[in-house]
Amino acid sequence: WLKAQSFSAPVLAARFRNAMAELDEEELAVAAPEPEEEITDLNGAVRGVLKRALQVDGVIRGLHEVSKYVEACKAQVVFLAESCNEATYKKLVQGLCLEKNVPVVDVPDNKSL
């Protein structure tokens, strides 16, 4: 059985202080926000967007997955590497994006991101 108890304000305050004293400082430490990188060009902006998207599991990679998301109208933007060796892959992705009105951003090299 649960029993409700009422405590006076000084008793509650003392219990709260005791509970807080038992916590380690590590548990109370708040993670410091990462310093923002200065964005000077398109590649820097793309890197920042992809970094934040990776943190929330919002990046889809590969021809098959990208084409599924674009086809289902779930893609917001597609980054297409100019270093892609297969011209047919590029045409497929560009055509799907054009059909579904998804913006395509050409990046010089996928390794630089």
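Two strands are taken to pair if DSSP finds at least two bridges between them, and helices (H or I, at least four residues) and strands (E, at least two) are DSSP runs, numbered from the N terminus. In these terms, Leu80 stands opposite Asp106 in strand E2. The structure is a predicted model, in which local features need pLDDT of at least 70 and side-chain atom pairs count only at pLDDT 80 or more, while totals for chains, interfaces and linings use all residues. Residues are numbered from 1 along each chain as its sequence is written, and side-chain values use heavy atoms, with hydrogens and water left out.

The pairing of strand E1 (residues 78-81) with strand E2 (residues 104-107) is parallel and extends over four bridges. Together with helix H5 (residues 87-100), E1 and E2 form a right-handed β-α-β unit; a crossover is right-handed if, with the strands pointing away from the viewer, the path from the first strand over the helix to the second runs clockwise.

Confidence is expressed as pLDDT, the predictor's confidence in each residue, from 0 to 100. The protein has an average pLDDT of 75, and 66% of the residues score at least 70. Among the elements of the protein, H5 has the highest mean pLDDT (91), whereas helix H2 (residues 25-28) has the lowest (51). Over residues 1-5 the pLDDT is below 50, and this stretch has zero contacts (heavy atoms within 4.5 Å) beyond near neighbours in sequence in the model. Where pLDDT is low, the predicted coordinates should not be read in detail.

A nonpolar core is a set of buried Ala, Val, Leu, Ile, Met, Phe, Trp, Tyr and Cys residues joined through side-chain atoms within 4.5 Å, where buried means under 20% relative accessible area, exposed over 50%, and partly exposed in between (1.4 Å probe, protein chains only). The largest such core has eight residues, namely Val66, Val70, Val78, Leu80, Val93, Leu96, Cys97 and Val102. At least two of its residues come from each of helix H4 (63-71), E1 and H5, and the largest share, three residues, is supplied by H5. When residues up to four places away in sequence are not counted, Cys97 touches Val70, Val78, Val102 and Val104. A second, separate core has five residues, including Val46, Leu50, Val105 and Val107.

Asp57 lies between helix H3 (42-55) and H4 and is exposed, with a relative accessible area of 70%. Cys73 lies between H4 and E1 and is likewise exposed, at 53%.
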